[in-house]
Amino acid sequence: MGARALGLVLSSLVFFSSAFSDAATGSEDSKWRTSATLELGSNLYSSGSSDYSASSSLVLIPTWRWTPHWTVAMSLSAAKDLTGFRDLVLYDPSLRISRSAVSLNPFFSVSPAVGMIFPATSRSREREGLITAVRPALRLSADLSRLKKPVLRDVSLMYEVAVSRAFHQYTTSTTGSVNTAWKLSNLVSLGYAPGERWSFSADFMRNTGWSYQGGARHSFSLGESVNYQFSRALSLAVGLTNDGDVLRANGLNSNIAIFDSTSSRVFTSFTVIF
């Protein structure tokens, strides 16, 4: 497959930003829970076009509440190409240890976390020579309801900054592409939940990666979705994503856009928490 499946892009954002919310299904005393997200997505070309692509993905996130304030979660994911060669792609498992939010003042709270990638796939071990990657992160959440503005009562705002350090056996993969040693990620997430059932969310992530030789690459991911909560354990999401390099091929004009007819993808996902 080419670009990473659409569903896994958004699922990663969820995993690294809000998978550890205290509002999880089940009692607050529950030690274990698992979320399973099945997603179907495609680009915007007609199904008869040679450029058309579609994929499905499955993401499992078992979570263990280690202490009242700390949780440990594992992300397990796979994607299947539904067009072309119909490849099945397994992704490396990710582990994250996260602390519940610590209040700074009536408006803001912070939550530290650290993540790690385990190179379980032959693609990472043999082609890239990945040993592991470590990802400390800090999330800042704003409680806008305290502004006592009716329009902001149901709005949530979150910002997360993370620094990733990867360790490889060699600086260039066996396919000739350079490996990324460092990555800086900035994620902004905006949510609006006017009721118990419906909610709307938008995420923007900007990444800067540096190779071992010092070369930099700047990329972005954008996602918007409409979500419906059938129950505390079952939800549906429909949305649009776009990702790519920050600059166009000329190196001057911005490539960041909510919608792009050639790179945007639509998706539908179902999430079950048990």
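Which ring does the charged end of R165 sit over?

1. **Basis.** This is a predicted model, where local features need pLDDT of at least 70, side-chain atom pairs count only at pLDDT 80 or more, and totals for chains, interfaces and linings use all residues. Residues are numbered from 1 along each chain as its sequence is written, and side-chain values use heavy atoms, with hydrogens and water left out.

2. **Charge over a ring.** The ring is that of F167, and the charged end of R165 lies 4.6 Å from its centre. The criterion: NZ of Lys or CZ of Arg within 6 Å of the ring centre and within 35 degrees of the ring normal.

3. **Aromatic pairs.** Rings of Phe, Tyr and Trp (its six-membered ring) pair if their centres lie within 6.5 Å; planes under 30 degrees apart are stacked, over 60 edge-to-face, the rest tilted. The count is five aromatic pairs.

4. **W32 and W64.** These two rings are stacked, at 6.0 Å centre to centre and 20° between the planes. The pair links distant parts of the chain, 32 residues apart: W32 belongs to strand β1 (residues 32-43), W64 to strand β2 (residues 54-65). Strands are DSSP runs (E, at least two residues), numbered from the N terminus. W32 is exposed at 58% relative accessible area; W64 is partly exposed at 31%. Exposed means over 50%, buried under 20%, partly exposed in between (1.4 Å probe, protein chains only).

5. **Cluster.** Ring pairs join W66 with W32 and W64 in a cluster.

6. **Y192 and F200.** This pair is also stacked, with centres 6.2 Å apart and 20° between the planes. Y192 is partly exposed at 36% relative accessibility. F200 is partly exposed, at 36%.

Definitions and conventions
Helices (H or I, at least four residues) and strands (E, at least two) are DSSP runs, numbered from the N terminus.
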